[in-house]
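Q: Could you take me through some helix packing and strand pairing in this one?

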Amino acid sequence: MTKRRVSLSPEVQGRIDQFVESVDTRLASNEDTAAVVQEVLARLHGDGGVYDRWQSGNQISTDEQVRLDAYDPRRVTVKADHWAETDAEQFQKSKPLQWLWKGFDVSPLARDLAIGIPFRQMIANHLFAEAGEDLQLFHGITFSYGHNIEMGDRTVVHGDVLLDDRGELEVGNRVSIAEGATIHSHGHDIVDQTDVSIYRTVIEDDARLASDSMIGAGSRVGRNAMVGAKSVVHGNVPNHHVAVGTPAKSVKVKPGWESVTDDPGTLEDDREERHIEYTLSDDVERIDEFQRNLTPPDADDMPDS
């Protein structure tokens, strides 16, 4: 893709670099990460003065205190707090960084690429299991934890993309993920919705996911493969193939790559090979939020048609 090079004045660029580096340094220090996140978000959202008064021991109003509480990841709840299979120790480390990502993304700065791209790269370096270099991570990306994502160099993730790492996500080098795509790593039993299975989902080097495509849990999109817009993948997209449809099928091999791959049509489904086993600790409270009766009716009890 041909793009125009855009640069800021040295003065503006210098301020951006200084800001990102200061937060990066604090996150890497011995400071309490949650406390750093609270202060950074308070200042990003215009409550720096309130934060300073509070830190000085001065009285603040109830609504001001509620706002400061909302910047503190220790005083908020997110979906992952309720999931039974969550690694509590790991999540306590990643939750503040996830909250910083979310809080930054709803700040006025988030859509400015000059600061948004380097700031998200900086958070990814601390949060992801592996974060490559020169990532382009745009506004509106959401994820389950963040700490189960591996991402290679020069990968681009556009806006409003879901990276579901409730299981594990492996995203290679130079991958392009377009707006609205969703990549899943967990699923629910078709009968008992509370029964959750987690998988390792793999997007290999140079793959391309078009707008609003969906990659099912445990699937693999091969090297240099492409998934068409609004397509739904359950299984494997072979290297260099173009897959489209619901469910997705291979419709062609990328021009020039015909000699190194075959055309299978229906995608092979070996997702169970990437299934991740887990056990729940004894202290986890089992909660059925739906309270459904999952026992199939006996045929003799069914009313006559």
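Predicted model: local features only at pLDDT ≥ 70, side-chain atom pairs only at ≥ 80, totals over all residues.

Q: At what angle do helix 2 and helix 4 cross?
A: The axes of helix 2 (residues 33-44) and helix 4 (residues 62-71) cross at roughly 125° and come within 8 Å. Axes are lines fitted to C-alpha atoms over the stretch in contact, with angles from 0 to 180 degrees between N-to-C directions; helices are DSSP runs (H or I, at least four residues) and strands likewise (E, at least two), numbered from the N terminus.

Q: Which residues make the contact?
A: Helix 2 contributes V37, Q38, L41 and A42, and helix 4 contributes L68, D69 and Y71; contact means heavy atoms within 4.5 Å.

Q: Turning to strands, which strands does strand 7 pair with?
A: Strand 4 (residues 149-151) runs parallel to strand 7, joined by 3 bridges, and strand 11 (residues 196-203) is also parallel to strand 7, with 4 bridges. Two strands pair if DSSP finds at least two bridges between them.

Q: Which residues stand opposite each other there?
A: M151 stands opposite V171 in strand 7, while L169 has T201 of strand 11 as its bridge partner.

Q: And the open sheet, what is its strand order?
A: Its 7 strands follow the order 2-5-8-12-15-18-19, with mixed pairing. Strand 2 (136-137) and strand 19 (249-253) each have a single partner strand, so one side of each is left without a neighbour in the sheet.

Conventions
Residues numbered from 1 in each chain as written. Heavy atoms only, no water.
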